[in-house]
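Welcome! Please take a moment to look over the sequence and turn the model around before reading on.

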Amino acid sequence: MNENPPSIVIGAGIVGLCTALYLQEAGRAVTLIDRLPPGEGTSLGNAGIISTGSVHPEAMPGIWKEIPHMLLQRLAPISVRPAYMPRLLPWFIRFLASSSTRRADASSVAINALASRALEYLQPLVDKAGAQDLLRQSGVIYVHETPAQFARAKLDCAYYERRGVDYELLDSAALAQQEPALRPGLAGGVLIRSAAHTLSPLALSQKLFALFIAQGGEFRQEEVTGFVSEGGRVRAVRSATELPCREVFVTAGAYSGALSKPLGSAVPLDTERGYHLHCAAPGVELVRPLLFGGRAFAATSMQDGLRLAGTVEFAGLKAPPSQRRAQVLGEQARDLFPGLNTEQGKPWMGYRPSMPDTVPVISASPHYDNVYFGFGHGHLGLTQGAVTGALLALLADAKPLPLDLGPYRIDRF
Ligand SMILES: Cc1cc2nc3c(=O)[nH]c(=O)nc-3n(C[C@H](O)[C@H](O)[C@H](O)COP(=O)(O)OP(=O)(O)OC[C@H]3O[C@@H](n4cnc5c(N)ncnc54)[C@H](O)[C@@H]3O)c2cc1C
């Protein structure tokens, strides 16, 4: 038997990759396991935004009043498959409970504590991986189409004020000047200058993975099916064989619930399925990513075209994708960008790993001495992946942490 087994990281999405790299930094030998090639789960298809100014939880106060409209309008940005309703209900009740003014503010603090540190922890990995050409720091704009939406957004800027996030209100003319590709006459926008984006989420993951391998990491493309434990520790991970381990990190995105449960930690993790339509020859170029809250999608110019990414569908991990939802993104965007060509846009669907309070799990196991969890980043996994990896590595070494991990505990519900 191997006297010095490796640390095992389950899941090679952006969170697992960053965790593996920060563990290497801490001197660990690391084995990364994924049934897919690295970066080809949900991390492949996001809008590429490193949203350093994020302060708003999904469950904002008063959200319950907006849900019927969001579900029922034409080209609805949110949908629930009827057959999935009963499974979703417990998660949804917790989601609504998280939307009280007090709890939404607590979530906002927890989200922003990670988001505001995103580049501090991602940039060193990007530099070491030689991936600087994949990162741009040109900000993002939250675009508001109607005066009513913009007035509401201005009220929500109170969250930026409380968290100390620098933002700038753009009136209709300033918005048009900043982003000439938008149709004229939109009400306004909120510019967050500190935000960044990647020109290819997949290429970024692949560069990080190449660094991991170059630093001596091992990758196994296998499915993890369980654990072997003994005396309050996990001794081995079950996949194609039994792999002895020093410690285990569960960073398996939307599938983390199924792996946490046999480790004694049942979690209210569900998936907000999201779609993208990637347009290779869009005919429009954006200065920076644009987010359309009212339509629940973002548009980002990437190295190989314009990506329209977003919408929320509650339908679990098994139902097939709805091609219609990806096509709707094209319809929505054509309404905003005159001359946009979405023909031959390539559709994609992925599984956001979502906790009801919008706060990810970054936690030691309450049951096993050598098990750690990093998942549930919902809409912000690319943003929060690197800081999560760094925190997990510090946690495993019992080193001082830059922030209190109480709000991210796995047993907080
Ligand atoms: C449309 C859309 C747009 C988005 N836009 C943004 C954005 O602009 N900015 C942002 O910050 N975030 C965004 N997100 C969210 C972000 O993409 C996710 O939060 C993030 O990718 C989650 O990363 P992850 O590593 O946790 O999960 P994943 O990337 O899904 O990785 C988990 C991996 O675990 C593997 N796995 C699971 N179970 C097992 C098992 N039993 N055995 C072996 N392997 C296993 C899976 O194969 C997968 O590769 C967006 C998401 C979507 C869907």
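## A walk through the model

In one of the sheets, Ser229 lies opposite Val234 of strand β12. Before going further, please note that this is a predicted model, in which local features need pLDDT of at least 70, side-chain atom pairs count only at pLDDT 80 or more, and totals for chains, interfaces and linings use all residues. Residues are numbered from 1 along each chain as its sequence is written. Helices (H or I, at least four residues) and strands (E, at least two) are DSSP runs, numbered from the N terminus, and two strands count as paired if DSSP finds at least two bridges between them.

Strand β12 covers residues 233–238 and is joined to β11 by five bridges, the two running antiparallel. Together with β13 they make an open sheet of three strands in the order β11-β12-β13, with antiparallel pairing. At its edges are β11 (226–230) and β13 (242–244), each pairing on one side only. From one strand to the next, the twist averages 35°. As a general point, side chains in a regular strand alternate between the two faces of the sheet.

Another open sheet of three strands has the order β3-β9-β5, again with antiparallel pairing. Because β3 (49–50) and β5 (135–136) stand at the edges with a single partner strand each, one side of each has no neighbour in the sheet. Two bridges link β5 to β9 (residues 196–198), and these strands run antiparallel. Here Arg136 has His197 of β9 as its bridge partner.

Next, find the hairpin formed by β20 and β21, with six residues between them. Four bridges connect β20 (residues 361–364) with β21 (residues 371–375), and the strands run antiparallel. Ala364 is bridged to Tyr372 in β21.

Now to the helices, starting with α1. By class, the contact of α1 with α11 has 11 nonpolar, five polar and one charged residue; Ala, Val, Leu, Ile, Met, Phe, Trp, Tyr, Cys and Pro count as nonpolar, Asp, Glu, Lys and Arg as charged, and the others, Gly among them, as polar.

Helix α1 also meets α8 (residues 201–214), their axes coming within 10 Å and crossing at roughly 30°. That makes α1 roughly parallel to α8, and the crossing is left-handed. Leu17 and Leu21 are among the α1 residues in this contact, and Phe209 and Phe212 among those of α8. The contact of α1 with α8 divides into nine nonpolar, two polar and no charged residues.

Finally, look at the ligand. The residues surrounding it number 44, the closest being Gly13, Gly41, Gly253, Gly274 and Gly381; a residue is near if its C-beta atom, placed from the backbone, lies within 6 Å. Elements giving two or more residues to this shell are α1, β15 (270–279), β18 (305–314), β19 (346–354) and α11. The shell has 19 nonpolar, 21 polar and four charged residues.

Notes:
Axes are lines fitted to C-alpha atoms, for helices over the stretch in contact, and angles run from 0 to 180 degrees between N-to-C directions. Angles under 35 degrees count as roughly parallel, over 145 as roughly antiparallel, 65 to 115 as roughly perpendicular and the rest as oblique. A crossing is left-handed if the near helix is turned anticlockwise from the far one by less than a right angle, and right-handed if clockwise. Two residues are in contact if their C-beta atoms, placed from the backbone, lie within 7 Å.
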